[in-house]
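Trainee: Could you take me through how the helices in this one pack against each other? I'd like a close look at that part, with the cut-offs spelled out.

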Amino acid sequence: MVNNQVTFRRVTAGVLLIVAPLLQAIAVAVDPGTWGDDREAVSFGDNPALAQIQSVLYHWSWMLMAVAVLGLLHLTRRRLMLLSHVLGGLTIIGYLSLSALLMMDPVEWWLGRRYPPEQAQKPMDEIVDLPGVIFGFQMPWMFFGLLGLPLLTVLVWRTGFTGWWVPLVVAAGYLGSFAVPYGPATVPFWAAPVVALGWIGVKILRMGDEAWAAYYPCGGIQPAETANITKNPSTIR
C-alpha cells in the first residue's frame, strides 16, 4: 500500500476522517474540565492523569484533522476547486492553531497543583491575554478550523459525493457547540461529527482505487496509455 500512491492516499484520507473526530469526541468525554470545575487549574489538578490524556487526544485529533482535510479537497477536484482550496487552507491553519494552544494545558495543570485556584488563575489569565498569544495563536485563526470544516463539507455535498445530511450534522455539531458552555452539553455536539465525517471516511475506504484515481486530471488514462505516452510524448493531444 505504501508504494501505491492511490491506495495510500485513499486509505489515509478514509481512516483519518474516522479517527480524527473520534479522538476529539473521546477527549471531551474524558476531560476533567467537562465534568468538574470550569476553572481548568482546578479540574486538571483534581485528575492530572486524565488532564494529560485529554490534551494528547485533542492534540492528535486536530493535527490529524488538518491532514484529513486534504482528503476532502481531493473530492472537490471536479467542481468548486478554487473555493475549496481557499476553505481547505484556512481550515488546516485553524486546526494547527488549535493544536498549538494545547501547550497551555500543562502550564495550567502545573499552576493548579501548586497554588490556590485564585492565585493559579491570575498568572494564567495574564499569559493568555498577551498580544502575541491572542493575535499569534487565537484570533481569528483558532476559529478557522471549526468554521471552515462545515463549509468544506458543504462543498463536498455539492459535488454529489455525500448527502445533504452530512454537512448539516457537521455544522450542527461544531457550530452548535459554540452555543453552550464547555461542559457536559459539549459531548453530544462533538459526537455528531464522528457520524458524518466517519461516513465519508467509510465511503472513501469502500470506493476503491479506480474511483479515487478518477478524480485526478489524468484519472482516465490507463496503464498501457501511460506507458505509450512515456515512450512517445507526441501522442499527447
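Mentor: The protein has 12 helices and 0 strands, where helices (H or I, at least four residues) and strands (E, at least two) are DSSP runs numbered from the N terminus. This is a predicted model, so local features need pLDDT of at least 70 and side-chain atom pairs count only at pLDDT 80 or more, while totals for chains, interfaces and linings use all residues. Residues are numbered from 1 along each chain as its sequence is written, and side-chain values use heavy atoms, with hydrogens and water left out. Overall, the C-alpha trace spans about 75 × 35 × 30 Å along its principal axes.

Now the packing. Two packed helices are described by the angle between their axes and the distance between the axes. Here the axes are lines fitted to C-alpha atoms, for helices over the stretch in contact, and angles run from 0 to 180 degrees between N-to-C directions.

Start with helix α1 (residues 5-30) and helix α4 (residues 48-74): their axes sit 8 Å apart, at an angle of about 155 degrees. That makes α1 roughly antiparallel to α4 (under 35 degrees counts as roughly parallel, over 145 as roughly antiparallel, 65 to 115 as roughly perpendicular, and the rest as oblique). The crossing of α1 and α4 is left-handed, meaning that the near helix is turned anticlockwise from the far one by less than a right angle; clockwise would be right-handed. As for who sits in the contact of α1 with α4, the residues split into 22 nonpolar, 4 polar and no charged. In that tally Ala, Val, Leu, Ile, Met, Phe, Trp, Tyr, Cys and Pro are nonpolar, Asp, Glu, Lys and Arg are charged, and the others, Gly among them, are polar.

Next, α4 also packs with helix α11 (residues 186-213), at about 45 degrees and with axes 12 Å apart. That makes α4 oblique to α11, and this crossing is left-handed too.

Side chains of opposite charge can pair when their charged atoms come close. Arg10 forms a salt bridge with Asp209, with the closest N and O atoms 2.8 Å apart (the rule asks for a side-chain nitrogen of Lys or Arg within 4 Å of a carboxyl oxygen of Asp or Glu). This pair ties together distant parts of the chain, with Arg10 in helix α1 and Asp209 in helix α11, 199 residues apart. By that rule, the count comes to 1 salt bridge.
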